[in-house]
Amino acid sequence: MSILRLQEKHVTKYVWEGNERLLRPRRHASWVLKHEDILDQRVKRLIDHSGFGHLLKFKHIDFNHVLITTLVERWRTETHTFHFPLGETTVTLEDVELILGLPIDGQVVTGITCGDLVSLCDQLLEFIPPSTAIKGNAIKLSWLNNTFQELPHNATDDVIAQHARAHILTLIGSLLMPDSSGSKVHLMYLLLLADLNNVRNYSWGSAVLASLYRALDHGIDFNQDNVGGCTLLLQCWAWERLTCFSPQLQPLIDEEVQ
């Protein structure tokens with residue numbers, strides 16, 4: 001008996017009937033503004049200390065929509081693997097650690113998802129977002145990006161910490177665990193950023209991988225026209241593991257190696 005019980009709901013059922021679909025990965029533009037070369041060094045040091053520093057080294061990478069759509073069509077929710085003619089494979093925690101540089105050991109990334117979480121903004125960001133920037137317990141990334149774009153020259157340690165939390169929250173919502181809208185991030189993560197000395201003790205890599213799996217599970221629905229989760233991880237994984245799809249790299253010169 002086949003374990004692939006969800007074929008009637010799988011996108012390939014519609015593809016085989018002659019239908020086509022092109023997925024649009026969600027990634028908010030604000031994360032592109034967080035490159036380490038334009039980020040205040042005081043904030044960057046705190047982000048490095050929190051375990052998210054490697055993400056600042058990512059430059060802008062264009063999505064290959066056809067590649068991601070093809071991968072989703074090969075995804076099976078029943079096994080959480082991609083089914084290829086030569087066998088099955090999937091993104092693992094090792095891939096997350098090597099590609100994104102996030103910790104995969106430590107405390108579980110979980111927390112309160114209901115109640116009044118907006119008040120956390122006053123405590124940990126020292127700003128109360130306007131009602132237009134809040135939807136439920138999620139905050140718009142555009143508001144975070146605009147409010148914490150530039151660190152004051154005479155910023156205190158508390159203000160520097162507030163900016164670091166805002167930048168990490170933006171990375172979570174725009175790059176690591178974006179929802180299908182790609183425009184907001186849940187405030188439950190802000191509570192986990194309260195103590196920046198403890199942030200790196202959470203298994204962020206496990207949360208990112210679980211979020212990607214969940215997004216792929218939703219992506220097998222033919223009526224879904226976008227996909228959340230860390231699709232940058234998915235694309236880089238495909239380039240690493242399925243080298244026939246990877247872009248040609250120019251040889252490094254000696255200075256770049258150094």
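View 1. Phenylalanine 127 is partly exposed, since its relative accessible area is 39%. The structure is a predicted model, and it holds 10 aromatic pairs. Because phenylalanine 127 lies in the loop between α5 (119-124) and β5 (134-135) and tryptophan 143 in helix α6 (residues 141-147), the pair ties together parts that are 16 residues apart in sequence. Tryptophan 143 is buried, with a relative accessible area of 14%.

**View 2. The aromatic pair of phenylalanine 82 and tryptophan 237.** The structure holds 10 aromatic pairs. The ring centres of phenylalanine 82 and tryptophan 237 are 5.2 Å apart and the ring planes stand at 25°, so this pair is stacked. Phenylalanine 82 belongs to strand β3 (residues 81-84) and tryptophan 237 to helix α10 (residues 231-241); the pair therefore ties together parts that are 155 residues apart in sequence. Both partners are buried: phenylalanine 82 has a relative accessible area of 0%, and tryptophan 237 has one of 1%. Ring pairs also link these two residues with Trp75, Phe84 and Tyr213 into a cluster.

**View 3. The salt bridge between lysine 44 and aspartate 48.** Lysine 44 and aspartate 48 form a salt bridge in which the closest N and O atoms are 2.9 Å apart. Both residues lie in helix α2 (residues 41-49), where a separation of 4 residues corresponds to about one turn of the helix. Lysine 44 counts as buried because its relative accessibility is 14%, a value under the 20% cut-off. Aspartate 48 is partly exposed, with a relative accessible area of 31%.

View 4. In one of them, the side chains of glutamate 17 and lysine 13 meet with an N to O distance of 3.3 Å. Glutamate 17 counts as exposed at 52% relative accessibility, whereas lysine 13 counts as partly exposed at 22%. Aspartate 179 forms a salt bridge with lysine 184, and the closest N and O atoms of this pair are 3.4 Å apart. Aspartate 179 is partly exposed, with a relative accessible area of 28%.

**View 5. A negative surface patch that includes aspartate 157.** Asp122, Glu126, Asp157 and Asp158 form a negative surface patch. Of these residues, aspartate 157 lies in helix α7 (residues 157-176). Aspartate 157 has a relative accessibility of 65% and therefore counts as exposed, the cut-off being over 50%.

View 6. Isoleucine 104 is placed in the loop between α4 (93-100) and α5. A distance of 4.7 Å separates the C-alpha atom of isoleucine 104 from that of glycine 205, although the two residues are 101 residues apart along the chain. Isoleucine 104 counts as buried, at 18% relative accessibility.

How values were computed
Residues numbered from 1 in each chain as written. Predicted model: local features only at pLDDT ≥ 70, side-chain atom pairs only at ≥ 80, totals over all residues. Heavy atoms only, no water. Patch = residues over 30% accessible without salt bridge, like charges linked within 9 Å, V, L, I, M, F, W, Y side chains within 5 Å. Areas by Shrake-Rupley, 256 points an atom, 1.4 Å probe, with all protein chains shown as cover. Salt bridge = Lys/Arg side-chain N within 4 Å of Asp/Glu carboxyl O. Lys, Arg positive; Asp, Glu negative; His and termini not counted. Charge placed at Lys NZ, Arg CZ, Asp CG, Glu CD. Helix = DSSP H or I, 4+ residues; strand = E, 2+ residues; numbered from the N terminus. Buried < 20%, exposed > 50% of the residue type's maximum accessible area, 1.4 Å probe, protein only. Phe/Tyr/Trp six-rings, centres within 6.5 Å; stacked < 30°, edge-to-face > 60°.
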